[in-house]
Amino acid sequence: MSEKPMILTDQNSGESVELPINRGTEGEPTFEIKAVPSKLGYFTYDPGYAATASCTSKITFIDGGMGILRYRGYPIEQLAEQSDFLEVAFLLMNGELPNRAEYDEFTAEITYHSMVHEKLNTFISGFHYDAHPMAMMAGVVGSLAAFYHAKLDMSDPGHRKLAAMRMISKMPTIAAACYRHHMGWPTAYPPNGLNYCERFLHMMFSVPAETYEVSSVAARAFDLLFILHADHEQNASTSTVRLVGSTGANPYACVAAGISALWGPAHGGANEQVLKMLEQIGDVSNVPKFVAKAKDRDDPFRMMGFGHRVYKNFDPRATIIREAAHEVLSELGQSDPLMDLALELERIALEDEYFIEKKLYPNVDFYSGIIYRALGIPVSMFTVMFAIARTVGWVSQWLEQSDNPTRIGRPRQVYAGETERNYVDIDQR
Ligand code: CMC
């Protein structure tokens, strides 16, 4: 028996419209509002899209109330424990875990594409040495369409897949090149004998004057962080990628737009801001003062790394990262006063009425910076780490959308400006 539709009635005119109910395999049902403007003459108003599903997707599921995150049905905890980043990339892109032959082929292909066009390094060298790496990333990734324009027929599934693979593969090379430009170090080429994370670390930190041994602790930590950041359904940057993609723009342009959206402090830029905030707090004794600031409506300060649009419970990624931060520090024989500070901040905030009432918990960005810091990643590169991992999600979502093209994304508005008025000559104003 098919489900009865929702009925929306305009109490003023008495007109009604039937709104079909859509149910996915999990999660809240939605009702379709497409018929509302033509039948009732109204548009819907939902700033921040807090109540709006923009697409149907089979990639990632979140239950924010329960604190559940799954990629293609697999719990994030299992993937974090048992999988690796490239296997997760294959899963997100293709819908199933790879068998051994598929895995080998996929990793070989990712490895094969890891070099970038030599002229891209010339392009990077044009930036000022202290340019923010996220600004460089957005520019350089956008420019890839100029370097790899030969296979950009977006009606060809093979070309689409190639562009997606190229981006996953080249992102660490570009990120490391941006860092090396800042440091004044010569270009490092990707050593293909290493795995994805080892290769990245080698490109980041090796210098010609010394032999560089990649730390297995660091490579494993990156692999874990990359898995946890790989996708998160229709977050701001992914929605940006889809919106730009809906215009038919090339995938490099879409991902460059995603990088720009990610950079914002309310989104991926929060990991950089968390570290700056912890440094500013400085000492455990100052925690109550900063908690009070976060609660003060007249103070723009927000507790960075806390809160989430969807999670109204623990962010499962934060729980895993907190444990990993302990492990990494211990394996490296380090201690970090900022870790103690972060733990105390979490403890005090979670006991506070304001945070309890608003269901504000630590999110993915709260502890990740502690690990990046322990591994020698400069604070300005934190969001770049997020971008490397999220590229997998962006291209998977873009591929899904491109395989089932929808209409161009085009929201409406409530116009609150001047009504019609006549132009006045400049001397008469
Ligand atoms: N500190 C203090 N108060 C907060 C915070 C916070 N971090 N987050 C939300 N609130 C309050 C907010 O003031 C509001 O109060 P009221 O109802 O009295 O006006 C209420 O909680 C709801 O907040 P909201 O801004 O309406 O929630 P949102 O869903 O629009 O925003 C958020 C979600 C993540 C942008 C927000 O929680 C925030 O700014 N957090 C800090 C930045 C951060 O850590 N971002 C990373 C997000 S997770 C990873 C990612 O997306 O990249």
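Leaving aside neighbours within four places in sequence, Asn363 is in contact (heavy atoms within 4.5 Å) with Gly305, Phe306, Gly307, Asp315 and Ala318. Asn363 is found in the loop between α16 (353-357) and α17 (364-374), where helices (H or I, at least four residues) and strands (E, at least two) are DSSP runs numbered from the N terminus. Because its relative accessibility is 8%, Asn363 counts as buried, the term standing for under 20% relative accessible area, with exposed for over 50% and partly exposed in between (1.4 Å probe, protein chains only). The model is a predicted one, in which local features need pLDDT of at least 70 and side-chain atom pairs count only at pLDDT 80 or more, while totals for chains, interfaces and linings use all residues. Residues are numbered from 1 along each chain as its sequence is written, and side-chain values use heavy atoms, with hydrogens and water left out.

The ligand is surrounded by 22 residues, the closest being His267, Arg297, Met303, Gly305 and Arg309, where a residue is included if one of its heavy atoms lies within 4 Å. This shell divides into eleven nonpolar, six polar and five charged residues.

Elsewhere in the chain, helix α10 (residues 236-246) has as its buried residues Ser237, Thr238, Val241, Arg242, Gly245 and Ser246. The cover over these buried residues of α10 includes α11 (251-263) and α18 (382-403). Just after α10, Gly248 takes a positive phi of about 90 degrees.

An open sheet of three strands has the order β5-β6-β7 with antiparallel pairing, two strands being paired if DSSP finds at least two bridges between them. Its edge strands are β5 (60-63) and β7 (74-75), each of which pairs on one side only. Four bridges join β5 to the antiparallel strand β6 (residues 68-71), and across this pairing Thr60 stands opposite Tyr71 in β6.

Conventions:
Nonpolar A, V, L, I, M, F, W, Y, C, P; charged D, E, K, R; others polar.
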